[in-house]
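Let's go through this one together, asking at each step what stands behind the label. Have a look at the chain first.

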Amino acid sequence: MSINISEILSYLSSAMQAEVYNDNKNLHEQALVGFSTHDKSSENTIVWSNSIDLDIESIKAPLLIINDEIKIPEASNLIVAVVNDPRLAFAKISEKFFKNSPDPIIHKTAFIHESCDLGKGVSIGPYCVVGENTKIGEGTILQNHVTVYRDVEIGTNCVLKSCAVVGEEGFGVARDDDEALVKMHHSGTVIIGDNVELGSNSTTCRGTINNTIIEDGVKSDDHVHLAHNCHIGRNVAITAGVVVCGSVKIQENCWLGVNSSILEGVNLAKNTTVGIGCVVLRDTEPDSVYVGTVSYTHLRAHETREDLVCRLLLEK
């Protein structure tokens, strides 16, 4: 399907209130094949940038998306769309116009239990295993070698990337009188909402008694571990290598930085940002940023919360 510049401009104007400059009508019907970067731009593409040092004269693409901090060039061969967030524009345009969506398939090497409930348009890739009584919603994709255990529920339009494991028992043990470790049976399951993505080689454990829950819109990177009984709120972003221990509650719109760790039972308030490599040992406050080791350290006299965060960073 061919996409031309006029279609992109129309979308940007309606969806992102873009202001258009150097609007050369002769370019409107030019076909576009996707995006290119400003330093390696090519014809028939779109370039987006947040850089104030952008070398606009070197751009070969016919359409440039920038924010209002960049000086608008006066060039008749380059249409400029100004939006609040060019990165977001790139994401939305890529998803809407240039996403490669192959026809859904159930690969012949996949094992799917006969009791499973698969929605319309579900794709299940090579060597996947889907356990009994599992429910998978419309349009969801399981890539290669994905394992989904019994009784798991997955919503619509989700993506489980290659080698993800969902619904296996987590690490739950108790010590006997002779110090022997006794494994706990996990009778809960995993409930996943709509538009969720779980990364490659990620593990999402079933609940011990209560279910592990992942709400709508959560995006998780590769090598992420979500332990039993976690509750992940809407639109939480979890980057690579994060470990979320058991019974953690993460409210909506949080961001967990690369290789951060969240101690069991901790509650992350909404809009919490956890920095790279951060270790969170206590509950957080809404709309806050945490770095270093977030422990049970108390505020000192006349110390603000921001002072505490800075002190923890310096003491790391």
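Q: What makes the place of serine 220 a strand?
A: Serine 220 lies in β23, which covers residues 219–220. Strands are DSSP runs of E with at least two residues, and helices are runs of H or I with at least four, both numbered from the N terminus. This is a predicted model, where local features need pLDDT of at least 70 and side-chain atom pairs count only at pLDDT 80 or more, while totals for chains, interfaces and linings use all residues. Residues are numbered from 1 along each chain as its sequence is written, and side-chain values use heavy atoms, leaving out hydrogens and water.

Q: Why is serine 220 called buried?
A: Its relative accessibility is 6%. Buried means under 20% relative accessible area, exposed over 50%, and partly exposed in between (1.4 Å probe, protein chains only). Serine 220 therefore counts as buried.

Q: Which residues does serine 220 touch?
A: Leaving aside residues up to four places away in sequence, serine 220 touches Glu197, Leu198, Gly199 and Ile238. A contact here means heavy atoms within 4.5 Å.

Q: Why are the buried residues of α2 said to line one face of the helix?
A: Helix α2 (residues 86–98) has Pro86, Ala89, Ile93 and Phe97 as its buried residues. Viewed down the axis of α2, they fall within an arc of 50 degrees, so they line one face. The arc is taken from the directions that run from the helix axis to the C-beta atoms.

Q: What covers the buried residues of α2?
A: The cover includes α1 (5–16) as well as the strands β1 (3–4), β4 (46–48) and β5 (63–66).

Q: What makes aspartate 85 a cap for α2?
A: One of its side-chain oxygens lies 3.2 Å from the backbone nitrogen of arginine 87, at the N-terminal end of the helix.

Q: Why is asparagine 22 called partly exposed?
A: With 25% relative accessibility, asparagine 22 counts as partly exposed. It sits in the loop between β2 (19–21) and β3 (31–32), and its phi is positive, about 50 degrees, although it is not a glycine.

Q: How do you know whether asparagine 195 is buried or partly exposed?
A: Its relative accessible area is 39%, so asparagine 195 is partly exposed. This residue is found in the loop between β19 (190–192) and β20 (197–198). Its phi is positive at about 60 degrees, although asparagine 195 is not a glycine.

Q: How many helices and strands does the chain have?
A: There are three helices and 35 strands. Of the 316 residues, 42% count as buried.

Notes. A polar contact is a pair of N or O atoms within 3.5 Å; within protein, one must be able to donate a hydrogen and the other to accept it, and residues adjacent in sequence count only if both atoms are side-chain atoms.
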